[in-house]
Amino acid sequence: MYSRSGTLGLLILVLVLFAAACGGDDSESTASSAATETTAASEVSGSGDDPGVGSESGAGLAYQVVDTDQTWCFSDDEVIECGDEFSGQDAQYEGVQPSYQDNGDGTVTDLNTGLMWIQDAGDKTYYADAMDDLETYTFAGYDDWRLPTIKELYSLALFSGVDVGGAESSDVDGLRPFIDEDYFVFLYGDETGSNRVIDAQWLSSTVYTSTVNGNQSCFFGFNFSDGRIKCYPVEASPNGGYFAQYVRGEGSYGVNDYADSGDGTISDSATGLTWTQGDNGETYDWEGALNYCNDLTLGGSDDWRLPNIKELHSIIDYERSPDTTDSPAIDQLFTLSPITNEAGETDWGFYWSSTTFISYPSNVTAATYISFGRALGYMGDSWIDVHGAGAQRSDPKTNTETFEFGRGPQGDAIRSDNYALCVTGGDVAPSEGDGPETLGLSDVVVEASGNGAVAPPSDAGSQGGAPGGDGPDLAAAADALGVTQQELMAALGEPPPDFRAAAETLGVTVEELQAALGVAPPTN
């Protein structure tokens with residue numbers, strides 16, 4: 001587990017252990033818990049046959065929002081010392097820290113949420129297959145395992161992680177997944193087959209109330225290799241499926257308990273957080289959003305802040321969406337400003353968080369946001385919902401260029417000026433953060449799950465689009481193939497692309513398509 005005071009020391013320890021392993025397969029094992037942490041874990045969760053499941057969190061909250069584990073401060077484009085500049089960001093508030101207990105039987109108990117997890121998700125599967133498997137599934141003596149909701153799954157997310165975008169198998173040294181490898185087995189996509197390194201999407205039981213890509217049923221999953229929530233196809237996909245981290249527990253985690261305070265604020269007794277009831281109708285770049293919340297006085301409070309991404313995620317209502325309830329994906333007590341989106345539809349916008357999005361190798365120009373409306377992409381010469389209301393992605397912190405047809409193979413809509421909801425309360429304390437020198441993006445060695453060539457990632461967001469950037473230059477590829485960029489994006493479809501089907505659609509060979517995209521074919 002990454003910690004605020006011991007990040008650098010832990011990184012050094014990891015390097016020492018890796019060197020001592022002399023080629024051991026770290027991707028197939030989980031590090032032992034530190035003795036002091038195991039002792040503390042036992043004291044919190046108690047002992048017995050069912051450690052931790054259903055237990056109250058340390059703060060006694062029904063919905064304990066676990067901290068993001070982001071301990072560094074950032075400007076628009078670099079790591080900085082925490083201070084008055086870009087004040088109010090994630091690292092300057094320390095919440096309840098991630099804390100786990102290795103139960104020694106292939107399970108891990110989260111000491112904050114009380115949930116028990118399977119330690120190793122095993123081989124990839126599909127949504128329907130996982131549901132069938134769970135009907136008779138027994139592990140570690142328990143038979144009440146289930147798929148987590150997206151809010152339960154997201155409780156494990158650590159934004160000390162580094163987006164895999166732009167990395168190839170020859171340069172995985174700087175990668176850090178968005179999950180604690182001391183307790184959970186993590187594998188990047190097996191690039192020796194049809195997968196890319198980025199193909200480490202995890203299943204949840206939360207199915208979108210609407211559809212994406214025209215009429216496609218999907219579930220919200222989290223990708224622990226690139227740090228994003230998107231809506232993935234319920235049906236089989238060409239990436240070989242998804243990882244399933246089964247969980248057990250009461251199932252009440254993620255349920256809010258709101259009250260309208262009558263003064264423009266909404267309190268949530270489940271999380272202990274209090275929110276502004278709505279935005280102020282204005283959009284900001286990231287620094288502007290930080291300043292807006294810092295300067296706000298409302299409901300008798302002047303200690304408002306821009307929420308971190310896990311706090312902001314806690315107020316998504318996944319039972320609501322523009323297409324099914326004619327509303328944003330948030331409780332009706334909130335009043336969000338309607339917008340006219342890129343498709344000319346009435347919609348609701350993206351909302352900034354205070355959490356920077358770290359991309360390989362050292363890109364910190366984007367911050368995370370939640371889409372409470374449709375998460376649009378430009379596909380087939382039109383704008384459509386490609387990721388679902390309730391998606392979590394990232395956008396440039398400040399507007400430096402125009403994306404007329406979005407970015408990446410799905411043409412993701414890019415908006416650098418977004419709305420802000422402000423938050424106060426919760427179990428947080430001011431923090432000085434860690435110094436820039438401790439970020440150490442190349443200090444942790446993470447084994448990829450195969451040895452073949454890696455296709456440049458195209459899972460949208462910070463990767464994909466610009467020459468010399470983090471992904472394939474789609475404009476140049478389209479020109480080389482004699483098609484429009486929109487035709488190329490439509491043929492590639494939902495990541496990961498089916499190159500054979502895309503090539504057939506475009507009337508080219510697979511080799512021509514891969515060459516144009518700069519994608520190396522897999523080796524055996």
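Predicted model: local features only at pLDDT ≥ 70, side-chain atom pairs only at ≥ 80, totals over all residues.

Trainee: How many disulfides does the chain hold, and which pattern do they follow?

Mentor: Taking a disulfide as a pair of cysteine sulfur atoms within 2.5 Å, the count comes to three. When the bonded cysteines are counted along the chain, the pattern of these disulfides is 1-2, 3-4, 5-6.

Trainee: What is the handedness of the link between C73 and C82?

Mentor: The sulfur atoms of C73 and C82 lie 2.0 Å apart and form a disulfide, and both of these cysteines are buried. The angle about their S-S bond is 100°, and the link is right-handed.

Trainee: Which strands hold C218 and C231, and how many residues apart are they?

Mentor: C218 is joined to C231 by a disulfide with an S to S distance of 2.1 Å. The torsion about this S-S bond is about 90°, so the disulfide of C218 and C231 is right-handed. The pair links distant parts of the chain, with C218 in strand β8 (residues 218–223) and C231 in strand β9 (residues 228–233), 13 residues apart.

Trainee: Why does C218 count as buried?

Mentor: Buried means under 20% relative accessible area. C218 counts as buried because its relative accessibility is 0%.

Trainee: Where in the chain do C293 and C422 sit, and how many residues apart are they?

Mentor: A disulfide is formed by C293 and C422, whose sulfur atoms are 2.1 Å apart, and with -85° about the S-S bond their link is left-handed. The pair connects distant parts of the chain, since C293 belongs to helix α5 (residues 286–295) whereas C422 lies in the loop between β20 (392–396) and β21 (423–425), and the two are 129 residues apart.

Trainee: Is C422 buried or exposed?

Mentor: The cut-off to apply is a relative accessible area under 20% for buried and over 50% for exposed. With a relative accessible area of 0%, C422 is buried.

Terms used: Residues numbered from 1 in each chain as written. Heavy atoms only, no water. Buried < 20%, exposed > 50% of the residue type's maximum accessible area, 1.4 Å probe, protein only. Helix = DSSP H or I, 4+ residues; strand = E, 2+ residues; numbered from the N terminus.
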